[in-house]
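Here is a short report for a first look at this structure. Keep the sequence and the 3D view open while you read.

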Amino acid sequence: MLDIKFIRENKDLVSKAAKDKRFNVDLDSLLKGDEQLRSFQAEMEQLQAERNRVSKQIASASPAERETLKAQVSALKPRLETLEQEVRTLSADVERQLLLVPAPARADVPIGKDDSENVEIKKWGTVPTFAFKAKTHMELGEKLDIVDVDRGVKIAGSRSYVLKGWGARLEQAILRLTTDKLIGKGYTQLSIPVLVNEDAMTGTGYFPGGRDQAYLVERDNMALVGTAEVSLTSYHSGEILKDEHLPLRYFAQSSCFRREAGTYGKDAHGLYRVHQFLKVEQVIIAKNDVAGSEELHNELLGNAEQILQDLELPYRVVYVCTGDLGQGQVRKHDIETWMPSRSAYSETHSCSTFHDFQARRLKIRYKDGSGQNQICHTLNNTAIASPRVLIPFLETHQQEDGSIRIPKALQPYLGTDVIR
RNA sequence: GGAGGAAUGGCAGAGUGGUUUAAUGCGGCAGUCUUGAAAACUGUUGAGGGGGCGACUCCUCCGGGGGUUCGAAUCCCUCUUCCUCCGCCA
């Protein structure tokens with residue numbers, strides 16, 4: 001959420017930024033509502049002050065004076081009640097509109113319409129070439145009896161899967177390597193709710209805009225998270241933190257649930273786009289400092305890169321263009337890992353800086369040196385997401401006989417150097 | 001699921017219709033004293049918003065929302081959370 005004052009003073013900038021991000025917002029309607037709200041509010045407060053002043057006199061007034069004063073306050077009531085009602089309605093309306101305004105991207109973010117205009121900024125590793133006919137992860141998974149999509153679909157419908165035997169063990173090993181890595185870097189591990197309330201979803205920016213993408217548990221007014229970011233970022237909502245404790249570095253492993261509405265037919269085959277998966281997510285809550293946040297952003301990105309390097313998977317980093325940014329994201333880098341069956345780098349990680357967009361919604365603040373309350377900055381990045389990462393893993397490390405070579409860093413977690 | 005009880009500032013805790021601009025204590029911050037520290041003493045210390053160039057000023061907030069009243073932390077309705085007991089249960 002943006003500061004309404006910022007929108008008031010920078011309407012053109014916010015408007016252009018929304019267009020660049022391909023969001024439709026009616027700033028005129030928002031600002032008109034805001035202006036009207038403040039005018040009603042001023043009048044209401046004036047009447048309230050009058051009411052308070054006279055009411056106070058009643059306590060010490062003589063019985064005769066009392067009736068006169070009461071009548072005086074009663075005369076204010078009709079107008080005051082109207083104003084209170086207007087203010088209530090208008091502030092709800094302004095709030096509703098405010099929740100839809102996207103955060104402007106940082107000035108250096110490339111302008112573009114969608115992911116095809118993201119800008120590659122780095123490549124790591126050598127794209128594998130095979131002296132034999134390489135198999136897809138699905139062929140490998142079936143042959144090794146470690147991926148069972150058919151039975152997953154039988155139990156849970158399309159975009160479902162089962163990992164079996166070495167498949168499940170491989171997933172656990174990769175997750176464990178990841179969490180150990182982050183613990184080693186001093187991040188605090190949290191085990192968090194995946195079933196959360198509306199406030200957490202709205203506070204992180206997934207509601208109201210992304211409601212269609214979430215599984216709702218409507219009877220209890222809850223939602224299943226699409227990422228642990230929701231719970232991790234909401235963890236300190238409503239709190240005023242001590243600045244000496246910032247930045248707070250957290251991570252959590254969780255199940256993630258995504259409806260993937262509007263993607264019928266897209267990536268329908270295999271493990272790429274599924275409704276439920278496991279992810280280790282990193283979240284940082286930091287001071288309101290743009291340069292500091294940039295450093296932390298790079299730190300989060302670096303953590304993810306190191307994990308892919310440990311897994312010996314070639315990847316590239318792209319700077320995501322405006323059209324591919326989420327509502328609250330100020331800047332984002334995706335890591336795309338090479339997937340041989342696609343002959344392409346495909347997204348496996350997403351590193352985002354929000355500045356104060358989420359923290360303002362969630363009311364995460366800290367006291368700065370001069371005792372002023374400041375709104376925090378929040379950032380997050382994937383550390384690893386499975387089963388998507390199994391696609392490049394199986395395909396890249398496959399050998400001619402269909403067995404999978406296990407990189408050195410992962411061997412201690414799996415107790416073998418090959419899956420066959 | 002049923003029956004009771006509770007929710008007040010960073011924390012503890014008073015307050016059941018009007019000098020409450022929420023007492024008091026602890027904690028925090030600043031100062032006095034001290035070589036320094038502790039102790040003691042003095043002062044200060046919640047959040048959000050509106051108006052004003054400004055000294056400043058006004059409004060709202062006692063778990064959330066609604067209501068009664070000239071006036072609500074206090075009374076009523078409702079929701080949420082926590083505690084105790086009963087039932088059920090991995």
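## Two domains

Chain A divides into domain 1 (4–98) and domain 2 (115–419). These bounds come from an automatic or database domain assignment. The centres of domain 1 and domain 2, taken over C-alpha atoms, are 43 Å apart. Four residues of domain 1 contact four residues of domain 2; contact means that C-beta atoms, placed from the backbone, lie within 7 Å. On the domain 1 side, one of these residues is nonpolar, none is polar and three are charged. Here Ala, Val, Leu, Ile, Met, Phe, Trp, Tyr, Cys and Pro count as nonpolar, Asp, Glu, Lys and Arg as charged, and the others, Gly among them, as polar.

The model is predicted: local features need pLDDT of at least 70, side-chain atom pairs count only at pLDDT 80 or more, and totals for chains, interfaces and linings use all residues. Residues are numbered from 1 along each chain as its sequence is written, while chains are lettered from A and ligands numbered from 1 in the order in which they are written.

## Overall build

Chain A has 13 helices and 18 strands. Both are DSSP runs numbered from the N terminus: helices are H or I with at least four residues, strands are E with at least two. The C-alpha trace of chain A spans about 100 × 45 × 40 Å along its principal axes.

Of the 420 residues in chain A, 40% are buried. A residue is buried if 20 or more other C-beta atoms lie within 10 Å of its own, exposed if 12 or fewer, and partly exposed in between, with C-beta atoms placed from the backbone. Take the contacts in chain A between residues at least 6 apart in sequence: 73% join residues at least 24 apart.

## The eight-stranded sheet

An open sheet of eight strands runs in the order β1-β11-β12-β13-β16-β10-β9-β4, with mixed pairing. β1 (119–124) and β4 (188–189) are the edges; each has a single partner strand, so one side of each has no neighbour in the sheet. Two strands pair if DSSP finds at least two bridges between them.

β1 and β11 (315–319) run antiparallel, joined by five bridges. Trp-124 has Tyr-315 as its bridge partner in β11. Five bridges also join β11 to β12 (331–339), again antiparallel. There, Tyr-319 stands opposite His-333 of β12. β10 (276–286) and β16 (377–386) are antiparallel too, with nine bridges. Ile-284 is partnered by Leu-379 in β16.

## The three-stranded sheet

A second open sheet has the order β5-β7-β6 and antiparallel pairing. Two bridges link β6 to β7 (222–224). Leu-216 has Ala-223 of β7 as its bridge partner.

## The nonpolar core

The largest nonpolar core has 88 residues, and Ile-174, Ala-304 and Ile-384 have the most contacts inside it. Such a core is a set of buried Ala, Val, Leu, Ile, Met, Phe, Trp, Tyr and Cys residues joined through C-beta atoms within 7 Å. Domain 1 and domain 2 each give this core at least three residues. Ile-174 touches Leu-311, Ile-384, Ser-386, Val-389 and Leu-410, leaving aside residues up to four places away in sequence.

## Beside the RNA

Which residues are closest to RNA strand B? They are Glu-45, Ala-49, Ser-55, Ala-59 and Val-73, among 16 that surround RNA strand B. Near means a C-beta atom, placed from the backbone, within 6 Å. α3 (27–60) and α4 (63–98) each give two or more residues to this surface. α3 gives the most, with eleven residues. By class, the surface near RNA strand B has five nonpolar, six polar and five charged residues.

Note on methods:
Two residues are in contact if their C-beta atoms, placed from the backbone, lie within 7 Å.
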